[in-house]
Amino acid sequence: MRSVILERNKLVGRKVARWFAATGATAVPVDDPGQVAAALDETAADLLCADTFDGDLVAECIRARPGLRGLLWTAEPLRRSLRYVAESARIDNVLGRRDFESPPRAREVVMVARRIAGAAKRRPPHDDPGAGRSGDPSSGRSNDPTGAHAPGLAAYLDWGFTGFELDVRSSRERDDAVARIADGVHALAVPRRVGEMFGELAHELLMNAMYDAPVDAHGRPRFAGDRKADIVLDDGERATVRFGTDGSRLALQVRDPFGRLERHHVVDGLARGLAGGEMDRAHGGAGLGMMVCHNSSSAMFFDVVRGRHTEVTALFELDLNLREFRTQARSLHFWSR
Amino acid sequence: MEAATHQPTNAPAPLDASPPKLTIEKFADAGIACLKFAGTIDESFEGKRLGDTAAGDVLVLDLGGVKKISSFGIREWVDFVGAASKRVRSMVLIECAPKVVDQLNMVANFAGGGRVFSFYAPFRCDYCDSEHRVLLQVDKDHETIKSMKLAERPCPSCKEGMYFDDDGATYFSYLLGQEKFELEPEVAAFLSSKLSYAVSDLSRKLRVDKVIEGRTTYLRLAGDLDGMFPREKLAEGLEGTVILDVGSVGRIEPAGAAEWRGFVQMVSPLVDALYLASVPAAFLEKLCGREDLGPKGMVLTFVLPFACKACGTTTQQTIDVEAHHDVLKFATAPELRCTGCKGALQCAASENLMSLLPELPKPSHGADLVRSIGMLRERAVQAAAQHKRSDKKSVQPIAVPEQRTSLLVPFLAASLAVVLAAGGYLAYQRFAKSDEPTGSVQRSAQVRPAWSNGLEPATASCTAADGGLACAGASSLAPRQDEAEDEAADAALEALAHAIGEKIADAKWQAVVPALYRSTRDAKLAAFKTDPASATARREVRDGRRTVAASLRASSGGIVHGTPADRYWEERGGADGKRFAAFARVGVTKAELAKLVAAYAKPSEALGATVVDAFPLVAWRYPKLERGAIVVGLAAGQLQEIGVDKGYVVLSIDGRDVGDGAAFARLALDEVGTLAIRGGSLRLKVQTPDPEPREFSAAVAAVAVDPPPGDPKKPGGGRTGPGPTPTNGGSGGVNVWDRLGGGGGAKGGGRDDPNQ
């Protein structure tokens with residue numbers, strides 16, 4: 001993968017370039033938007049990275065170069081970046097950063113760079129071999145050398161993390177899982193609100209996995225019309241929730257075996273929520289699930305293999321107090337095969 | 001009033017004994033209903049169905065117990081508020097939990113047509129790792145909300161500072177878009193008296209509605225029973241059979257209980273019988289013993305909570321004492337059936353309450369009397385509402401309500417006989433705003449004194465008089481004469497304190513002391529000037545002046561006392577009933593003024609600090625501060641080293657109160673001297689710019705018996721311990737050796753030993 005990194009802060013630009021280089025990619029940092037076109041042409045780059053401040057330039061370059069993808073980072077609310085994600089199908093990743101003097105999180109940059117590079121190699125799609133159902137969340141560690149596929153919790157947390165994985169088939173199991181996740185957070189002696197928030201997030205993601213995702217043989221939603229109904233899913237339909245923490249971060253991953261989540265579900269849901277919170281009742285729910293995810297996490301990762309699975313991962317930084325968390329720029333990543 | 005608790009009707013049947021996800025308690029009285037939510041609002045919440053059951057005039061939603069709201073719960077909630085808002089005149093959201101505030105910020109139309117009156121702000125204390133919630137109201141905390149910043153405040157657990165644990169711009173975003181409003185008085189009264197919510201001081205005031213039917217007088221009391229209970233005025237003219245409907249009495253304070261007992265004692269000889277109706281449990285426990293009821297007092301009906309296990313509801317049931325006396329005398333509750341499922345109800349009252357039941361005398365009345373209470377109550381409420389509506393429409397002075405129909409404040413009726421000439425109206429027209437009472441009906445003197453002319457409501461001014469000062473103050477329009485007179489006197493005294501402050505010429509004093517109160521004082525006065533109709537602004541000015549006046553009286557060495565030299569008041573009739581405006585004048589002679597100026601500016605020095613007496617106007621900023629010493633100068637010394645700064649007010653030293661500047665110097669010297677002997681900590685309680693006082697301390701080591709060789713001149717040379725090193729020998733700038741009999745110069749080893 002060849003990338004051009006437009007970052008006006010040279011130190012930050014160099015640092016991000018180094019992280020890209022560590023994944024085997026070539027990275028050319030530039031600090032002047034006027035140099036971007038030349039750098040793209042010289043390197044035949046397939047990825048342009050920049051702050052959302054330069055989002056117009058990124059969008060323009062992408063329009064002009066068919067093979068080029070875009071990656072944004074931002075220290076501002078996600079709404080500004082979402083505009084570019086909505087307008088361009090080749091911008092799927094937004095990385096939050098603390099301020100304009102700070103780079104995005106190294107772990108996230110490396111993961112995204114590897115996955116983009118892996119996707120660029122156009123391997124034939126197959127399910128994530130590491131995301132098994134063994135009950136050990138660390139089993140989700142990807143052995144994929146290209147990094148193209150959804151990683152397990154190990155990719156999001158530091159070595160030595162702990163967690164659990166639960167299968168969820170019924171409303172009762174959903175409530176038990178939510179309670180266990182909230183208990184898991186409370187056990188870390190973090191503010192009570194964090195536990196409540198994460199429990200709420202788990203409930204939201206599980207509701208989507210259990211009620212929105214399942215379809216019948218004709219592709220018609222099975223339960224989306226009545227969310228009040230108690231349901232029991234078949235073994236092949238069950239949702240899986242993984243929760244893990246390394247003491248600095250919380251990670252929550254919910255997976256369904258249907259792979260029906262579309263990019264526009266995510267983007268439209270976030271756009272509607274961030275624009276003023278108008279509900280969308282067209283699909284049985286309130287259409288605010290994405291906003292709940294956004295408000296409860298530092299970073300969201302959506303991995304979809306169409307017809308195979310949808311996996312949503314949410315991260316929360318425990319070292320921030322809630323006031324800092326509120327103002328923190330959020331990350332959004334959408335992967336689809 | 002009724003109360004009901006239920007969980008969502010279609011919630012899945014619990015498989016175990018786990019508590020319901022969401023409980024909704026309902027309280028209703030007349031046209032006001034309150035739904036209290038606690039738990040999780042999710043897909044099991046039947047929003048529309050519940051909304052369709054809403055009825056009445058005002059619906060209050062208490063959301064303080066909401067823990068979680070799922071996205072589908074949001075949908076149900078929006079359906080609920082949408083349906084409910086169509087069925088009631090207005091909807092008010094109170095005590096919104098942070099989770100609810102998040103949703104208000106995130107979801108369009110989450111409040112439906114309702115308005116948020118109060119909400120919780122999340123606070124966190126890192127010292128003791130605890131979380132707390134602080135209740136804010138859109139009326140009194142409007143400025144705070146606008147500023148989007150909440151100051152740190154003491155943690156209720158550890159008293160260290162806790163901080164607002166959210167982003168102000170995000171958290172207050174919805175509330176900033178909502179206009180400031182105040183609760184309707186009926187709603188405020190309902191919330192404060194029935195449900196013990198903290199709403200506003202005004203709402204807790206006792207209101208009395210009265211209906212006279214033949215020989216029966218019905219009095220409906222609503223509000224808190226406190227020391228302001230007007231027992232004498234209420235007792236005036238009572239005769240025959242008196243029914244006191246106390247169902248809407250809220251909190252009972254000890255002073256209120258004493259007033260009530262006095263009232264019962266006062267009316268017992270005048271009336272044939274004194275019946276209490278709809279007595280709430282708290283009233284029954286505190287004021288319905290044999291002695292409390294007196295020889296003619298009897299409880300007609302009282303209220304007990306009953307639970308229905310079959311349908312999971314809890315309701316308040318009115319018990320007729322005469323009808324159930326045979327059961328009550330055995331301290332048992334009557335057997336009742338649930339009106340919903342017809343199942344047996346179980347009494348949920350406390351054992352303490354049940355033990356009082358056998359003492360209740362059996363009333364000797366007919367069943368007709370109990371039945372008539374409902375009708376009388378309805379008439380009283382209707383008459384009060386009609387009275388209010390007619391008041392609102394009329395811009396003319398209202399007619400005195402006929403005593404035999406309904407009176408909002410009946411005890412004022414007797415004083416309305418004298419209607420003064422129109423000249424009073426002209427003299428008082430400054431008070432006659434379109435929405436305020438008009439028409440003077442009574443006054444303390446035939447002619448309004450000249451010194452009160454030109455004074456706007458709630459203002460004060462001072463004039464020089466023979467080298468002294470004369471300060472006159474005017475009250476705002478108050479519901480009681482004594483309140484108005486107190487307010488006027490406080491305004492005059494506050495103006496006097498302000499004038500004294502301006503006479504102080506000392507540069508250090510002027511550089512430090514006025515800065516402590518000026519901005520707070522100016523802001524509160526400006527807020528009131530900008531919006532004189534604001535109850536909050538008026539209250540803040542009134543309270544500020546009261547504390548300043550009290551401080552002036554206490555600190556003036558007897559020069560300023562509580563009684564004004566001149567007083568004048570007027571009574572006005574108007575839209576909200578009778579109101580009083582009062583004026584007061586206080587003064588000091590030239591000699592007294594000079595003495596006060598000198599006293600407040602007199603500096604005292606210790607520990608490197610120059611201090612003066614706490615000046616009364618500082619009470620604007622620190623209402624609880626009554627005495628202390630203000631630091632106006634700071635040189636090197638122990639006070640500076642421990643972090644005390646200019647403008648701080650020292651309140652106590654080692655737990656001993658600092659009354660004034662001189663006391664500070666005396667206590668400081670004494671304490672440092674003691675510490676030099678024994679060692680220990682110098683502990684000062686100091687009012688800093690933070691709202692609550694802080695403690696400053698520094699370890700002070702006992703002076704060594706033998707100073708280290710080579711450093712014989714340093715008295716603190718042998719000090720040990722981790723405390724800060726004083727620049728002049730560990731005494732904080734005070735030569736403790738002199739006080740202990742040592743010399744200031746070189747000392748022999750023996751003389752340096754304080755034990756000698």
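The following legends describe close-up views of a predicted model.

**View 1. Packing of helices H3 and H4 in chain A.** Helix H3 of chain A spans residues 55-64, and helix H4 of chain A spans residues 78-87. The axes of the two helices come within 10 Å and cross at roughly 10°. Because angles under 35 degrees count as roughly parallel, H3(A) is described as roughly parallel to H4(A). On the H3(A) side, the contact involves A:Gly55, A:Val58 and A:Ala59, which meet A:Ser81, A:Tyr84 and A:Glu87 of H4(A). By residue class, this contact of H3(A) with H4(A) comprises three nonpolar, two polar and one charged residue.

**View 2. The β-α-β unit of chain B.** Strand E13 (residues 240-252), helix H9 (residues 254-267) and strand E14 of chain B form a right-handed β-α-β unit. Strands E13(B) and E14(B), the latter covering residues 271-277, run parallel and are joined by six bridges. Within this pairing, B:Leu244 stands opposite B:Leu276 in E14(B).

**View 3. Pairing of strands E14 and E15 in chain B.** Strand E14(B) also pairs with strand E15 of chain B (residues 297-299), in the parallel sense and over three bridges. Here B:Tyr275 is placed opposite B:Met298 in E15(B).

**View 4. Chain B as the setting of the strand views.** Chain B contains 22 helices and 30 strands. Of its 756 residues, 45% count as buried. Among the contacts in chain B with a separation of 6 or more, 66% are accounted for by residues 24 or more positions apart.

Technical notes: Residues are numbered from 1 along each chain as its sequence is written. Chains are lettered from A and ligands numbered from 1 in the order in which they are written. This is a predicted model: local features need pLDDT of at least 70, side-chain atom pairs count only at pLDDT 80 or more; totals for chains, interfaces and linings use all residues. Axes are lines fitted to C-alpha atoms, for helices over the stretch in contact, and angles run from 0 to 180 degrees between N-to-C directions. Helices (H or I, at least four residues) and strands (E, at least two) are DSSP runs, numbered from the N terminus. Angles under 35 degrees count as roughly parallel, over 145 as roughly antiparallel, 65 to 115 as roughly perpendicular and the rest as oblique. Two residues are in contact if their C-beta atoms, placed from the backbone, lie within 7 Å. Ala, Val, Leu, Ile, Met, Phe, Trp, Tyr, Cys and Pro count as nonpolar, Asp, Glu, Lys and Arg as charged, and the others, Gly among them, as polar. Two strands pair if DSSP finds at least two bridges between them. A crossover is right-handed if, with the strands pointing away from the viewer, the path from the first strand over the helix to the second runs clockwise. A residue is buried if 20 or more other C-beta atoms lie within 10 Å of its own, exposed if 12 or fewer, and partly exposed in between; C-beta atoms are placed from the backbone.
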